[in-house]
Structures are given as structure tokens and as C-alpha cells.
Amino acid sequence: MFTNINDVEQPTIRVFVTTHKNVDFPESRILQPVQVGVKLGSTRFTWARQDDEGDNISLKNPMYCELTTQYWAWKNIDTEYYGFCHYRRYFNFSNTVYEENPYGEIMDDYIDADAIAKYGLDDQTITDAVQGYDVITTRYGNLKEIIEKHGTPKAVWEAAPKLIDEDLHRMYDILCTMHPDYKQDAIAFLNGNRSCFCNMFIMKKEIFFDYCAWLFPILEQFEKCTDMTHYSKEALRTPGHLAERLLNIYLMHHKRIGSGWKTKELQCVHFTNPEPEEKLSPLDVDVAPSSIVPVVFAADDNYVPQLTTTIYSAMVNASPDRFYDVIVLQRNIAWDKQERLRTFFLQRFPNMQLRFTNVDRQVAGVKLTTNNEHISAETYYRFLIQQVLPFYDKVLYLDSDIVINGDIAELFDTELGNNLLAAVHDIDFLGNLNIKHGLRMEYARSILKMHDPYSYFQAGVLVLNTKAMREQYTIEEWLAYASNPEYIYNDQDVLNAHCEGKVVFLDWDWNVMHDCGGRVANVFSYAPNDAYDAYMDSRSHPKIIHYAGYEKPWVNPDCDFASIYWRYARETPFYERLLKKVVKANFPEPSVSEPRSLQHERTIGEHNKLRTIIDPLLPLGTRRREVLKAIGRVARGRR
């Protein structure tokens with residue numbers, strides 16, 4: 001969303017939005033993006049002006065930050081009003097006052113149509129808000145109440161760990177030497193308790209030109225007097241930080257001498273996610289479309305080791321004649337982990353592509369809560385697949401707490417017809433239906449409104465007819481259904497309630513639930529006879545093992561089918577992280593009040609227990625055994 005910078009007739013109000021990366025912008029002729037810090041060889045954004053055009057100080061951007069835009073506008077643009085914002089910070093031009101955070105900012109997420117309307121980021125509202133004023137700034141905040149209550153601008157500077165206190169004093173000395181009539185204002189500001197922030201303002205031309213002619217020589221002199229050779233990246237930005245203070249001093253001075261300017265304060269809106277919405281495209285690979293198997297997972301940063309194990313087990317057993325488009329829906333997986341995963345998989349499996357896409361925007365404002373502590377909000381992401389992957393009419397969805405012994409291409413090739421999905425019956429739910437005096441039958445009929453509760457399926461392994469799902473339900477409808485607080489099994493209940501009668505049932509081999517906490521005997525055995533026999537038979541040749549429930553191999557390495565899980569896990573780059581999870585789950589921190597003698601006795605017991613768990617996973621003398629010792633030393637160091 002950006003304006004055509006080549007419009008012949010430019011508006012008389014121009015608010016320049018400083019950016020160094022590709023972000024969303026309101027559609028506006030007044031709000032005009034300027035790319036800063038452009039260097040030889042840099043990618044130039046065609047939708048923005050560049051701060052190295054004409055007379056400029058673009059090369060000083062690491063020190064001057066957004067001031068290189070200000071300098072460029074001063075030297076190269078002719079307009080009636082000059083204004084400045086940042087790619088993530090805008091003025092609230094509306095007439096509505098919104099709640100602010102402890103730093104005096106309105107916090108919002110995306111620069112979308114709703115935000116544009118909410119904060120008046122359109123030309124007409126901006127024009128109405130600006131015309132008739134001489135100077136507009138962000139709101140002045142009381143530093144006794146905001147910015148951690150440091151009290152004064154001087155104290156705020158001194159509390160900043162990476163800024164140099166002497167630099168503020170040096171700026172003060174330079175200012176008093178160059179403009180002695182400002183000394184009184186500098187003292188009043190630095191020792192006062194009010195300030196506006198962010199180098200954001202809108203000024204009439206004559207005031208703006210006067211301000212720039214006053215500001216930049218001061219900063220130039222500061223540069224000459226300051227050796228910044230060994231400054232950190234943040235300390236190197238000191239001229240930009242100083243300008244924020246100098247703006248306040250300049251305005252305070254003109255108010256004191258009675259310049260008679262008509263001023264206005266507007267709130268600052270801070271957008272946390274100004275980047276454009278991520279949109280996946282069809283694969284650009286030289287393979288027949290019919291050979292592609294799209295596979296979707298959902299995970300968070302903490303679940304990366306488990307995700308890696310699941311994907312690895314799938315690819316080890318995947319057909320070399322098919323191409324696998326592996327897509328991970330996520331919101332917070334660290335970039336370095338994404339890169340590590342891509343490197344690991346693409347070096348080993350040339351017949352796959354690994355892609356991550358952030359779905360934060362799709363679920364913004366939706367309350368995603370689960371009723372089980374071992375289930376995360378990512379479980380709802382399967383509802384987004386039909387929208388995130390519009391170019392696929394059929395998609396395979398897999399949970400990340402499984403291992404795969406079969407070829408998932410065989411699973412993907414399941415004929416769906418007009419049905420919405422394919423899945424395996426849920427042996428746990430079927431068992432619960434038959435438990436005497438149980439509540440599941442009533443729940444299935446009255447809450448889920450199911451005609452045949454015995455058709456309930458497990459949603460950890462799904463072949464989705466995304467084409468049919470798009471035609472029948474919108475994302476908004478799916479997420480609305482998911483907000484039902486009466487549902488026990490969250491997204492799984494949603495799918496069963498709204499897909500009943502449109503399901504192809506898979507062989508039990510494709511989702512073999514492990515024996516979590518003895519549920520085979522205590523729950524599964526109550527299921528209808530044919531279902532129970534089919535489940536028990538599948539345990540001897542599982543194509544997918546599902547570690548559903550609270551008992552996981554990385555919590556209890558002795559749990560059902562754990563040896564198969566660890567066989568795959570030890571081949572992945574996050575194996576040690578899984579072992580750390582084992583240690584953390586089985587050896588919690590001691591109580592502070594526990595006597596030292598008991599701590600010692602318990603430590604001996606824990607050591608023996610640890611040996612019984614770890615020895616089968618990491619034989620003595622192996623490299624990874626040494627890594628585990630290092631983890632153990634860290635754990636002991638915390639006690």
C-alpha cells in the first residue's frame with residue numbers, strides 16, 4: 001500500500017516515512033516512504049524515494065538514523081508542510097484518544113485497513129488534522145510517570161546502558177557555545193520532567209528550514225569533537241538520540257521567546273508488525289505437479305526439536321520419486337533455527353522444499369486457548385491451511401508429536417471424492433463412549449451434535465480436501481467454531497462436529513496412538529470390538545506412531561514406542577535439546593527449603609535414575625554422551 005512517487009502534482013503537506021526495509025504503508029499521497037542508508041549495490045525499493053538523491057548525508061545513516069530523511073527533505077523538497085514518521089511509528093491523526101503503554105505509545109499490530117481507518121492515516125484526515133497549525137509533535141510525556149519513571153531527560157539518558165553520558169554533556173557545551181541564548185532552555189529541558197519523543201514532527205516550511213539550519217551544524221560540530229571509533233552500534237546512533245533532545249530544546253526556546261506558533265500534540269502509534277503479510281506461492285521446481293506432496297505442520301519455537309524429528313522420520317521413509325513441499329505454520333520460530341533446519345534437510349533430501357510461514361496476522365485478535373496443558377494454540381493452525389495454501393486443492397496435515405514409518409505419499413494419495421477429509425478413528429474417544437456411566441456419549445450427542453458418535457476421528461493425521469473446505473467454510477467460521485468453551489478436545493472437536501458424514505476413514509496403521517498412562521487397557525479396550533482389534537493389530541506395523549497425551553518420549557523415554565522415536569531423534573541436529581528436555585522433566589529444581597543432606601541423598605538417587613534413562617540413548621564413549629555431560633554440568637550449576 002503506497003503512493004505513486006512520480007505524481008506530477010504533489011500535496012502541500014508531505015509526511016516522509018523513513019524505512020530501511022520492505023514494510024506496509026498506508027495508501028496516501030501525503031505519507032511518502034523514503035528509503036534510508038542506501039549504499040552502492042543496495043536493493044532500491046521502487047515504491048520509495050531514496051535518501052541519497054540530490055544533496056544528502058545518506059552515508060551518515062548509521063549515526064543519524066531518520067535524520068538523513070530530514071536532511072534530504074530539507075535540501076531537495078519544496079512543500080508547505082514537512083512531516084516525519086517511521087516505518088513502524090505514525091501519528092494518530094484521528095480525534096480519538098487511545099490507551100498508551102508505559103512508554104507513552106499506542107501499541108498496535110498491523111498497518112492494515114482497520115488501522116488506517118482507526119488512526120486517520122488517510123489524506124483527508126491528515127489534512128484536517130494539520131492545516132492551521134505551525135508545529136505538531138508527539139504528545140509530551142511526564143517522565144515521572146513514563147519511561148520507567150526516571151524523572152528527567154538527563155536521567156533517562158544516563159539510564160540508557162549503551163549511551164555515553166559525556167556525549168550529552170558535550171552536546172550541551174556545543175549548544176551553549178554556538179547558541180548561548182539557548183542555554184537557559186537546555187538547562188530547563190534536561191532537568192525538567194517533560195519531553196516529546198521519536199524525532200516525529202510536522203512543521204511549516206519556514207520553521208522547518210530554520211530548525212534544520214540550527215540543528216545540523218550542532219550535530220556536525222559534535223561529530224568533529226567526538227571519537228566514535230569504538231562505539232557500539234547503538235552508541236553510534238548518538239547523533240540521532242541527541243536530535244530528539246535538541247528538538248525539545250528548540251521548541252522550548254521558541255515558546256519562551258514568544259514566537260507565537262500554534263502547536264498541537266498527537267499520539268504516537270507503534271506498529272509491532274509493519275512487515276507485509278507473508279504469502280506463499282506455488283513451488284517453482286522442475287517436477288510434475290502430480291508428483292508434489294504438500295505436507296503441513298504447525299509448531300512454535302519451543303517445539304522445534306520435536307518438529308525436526310517428525311519431519312526427518314517422514315523424509316527418511318519418503319519415496320524418492322515424489323517431491324515433498326513441507327510447510328511449517330508458525331509465529332515465533334527463531335530465524336537461526338529455521339536456517340538450521342533448511343540446511344539440515346535440503347542437504348540430505350533433494351526431493352523436498354522446506355518453507356516457514358508466519359500466520360500471526362491470520363489469528364490476530366482471535367483468542368486461541370486449549371483445555372489441555374500439553375496442547376498449544378498452534379493446534380488451531382490447521383484451520384488456516386485452506387487460506388494459506390490457496391494453490392493446493394489437497395493437503396496433508398500432520399501433528400509434530402508423531403514419527404512416520406511409512407511413505408506419506410501413499411497417505412496423500414488417498415481418494416477423497418467430495419469428502420472434506422480423511423482420518424483415522426479415535427480409539428480413545430471410542431473407548432470413552434462405551435465406559436459405563438461415562439459422559440462422552442452425552443457430550444458427543446448434545447455438545448458436538450453428532451448423529452453417530454462412533455464416527456469420531458483423531459485429528460493429528462489428516463488428508464484435507466482444501467478445495468471442498470473453502471467452498472463450505474470460511475476461516476472466520478472455523479475460528480468462530482473453535483472459540484466454543486464447551487469443547488473438550490479443541491480443534492479436533494470442531495472438525496468432528498462440522499465434518500461428520502464427509503470423512504474417509506483411513507487404515508488404523510496411519511495414526512497409531514501410543515499407550516499413554518496405561519490407556520490401552522483402561523480406555524481403549526472399551527471400544528467396539530472390531531475397532532479395538534484393528535487398533536491392536538496396527539500396533540505391530542504402525543506407519544505413523546502418535547504420542548498423543550501427556551506422556552511423551554522427551555518427558556518419559558521409557559514410554560510406549562519410545563525406542564522408535566529416539567531412533568529418529570538421535571539423527572537430528574536438535575537431539576541434545578531433546579535430551580535436555582528429558583533431564584528437565586525428570587529432575588526438577590530442588591526446593592529452597594530442602595535440607596542439604598536430603599539434597600545430597602536425592603542427587604545420588606537422581607544420578608542412578610539418570611543412568612537408567614540415558615545409557616540406552618547415549619552409550620558410554622560416544623560424542624553425544626560428552627555433550628550430555630556438559631548439559632548435566634549446567635544443570636548442577638543451577639543448584
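Modeller: Rings of Phe, Tyr and Trp count as a pair if their centres lie within 6.5 Å. The model here is predicted.

Biologist: How many aromatic pairs does the structure hold?
Modeller: Each pair must meet the limit of 6.5 Å between ring centres. The total for the structure is 41 aromatic pairs.

Biologist: Is the pair of phenylalanine 208 and phenylalanine 209 stacked or edge-to-face?
Modeller: The ring centres are 6.0 Å apart. The planes stand at 70°. Planes over 60 degrees apart count as edge-to-face. So the pair of phenylalanine 208 and phenylalanine 209 is edge-to-face.

Biologist: Is phenylalanine 208 buried or exposed?
Modeller: Its relative accessible area is 0%. Buried means under 20%. Therefore phenylalanine 208 is buried.

Biologist: What are the planes of tyrosine 312 and phenylalanine 344 to each other, stacked or tilted?
Modeller: Their ring centres are 5.8 Å apart. The planes are at 45°. Stacked needs under 30 degrees, and edge-to-face needs over 60. So this pair is tilted.

Biologist: How many residues apart are tyrosine 312 and phenylalanine 344?
Modeller: Tyrosine 312 is in helix H10, and phenylalanine 344 is in helix H11. The pair links distant parts of the chain. The two are apart by 32 residues.

Biologist: What is the relative accessible area of lysine 580?
Modeller: Lysine 580 has its place in helix H22. Lysine 580 counts as partly exposed. Its relative accessible area is 48%.

Key:
Residues numbered from 1 in each chain as written. Predicted model: local features only at pLDDT ≥ 70, side-chain atom pairs only at ≥ 80, totals over all residues. Heavy atoms only, no water. Helix = DSSP H or I, 4+ residues; strand = E, 2+ residues; numbered from the N terminus. Buried < 20%, exposed > 50% of the residue type's maximum accessible area, 1.4 Å probe, protein only.
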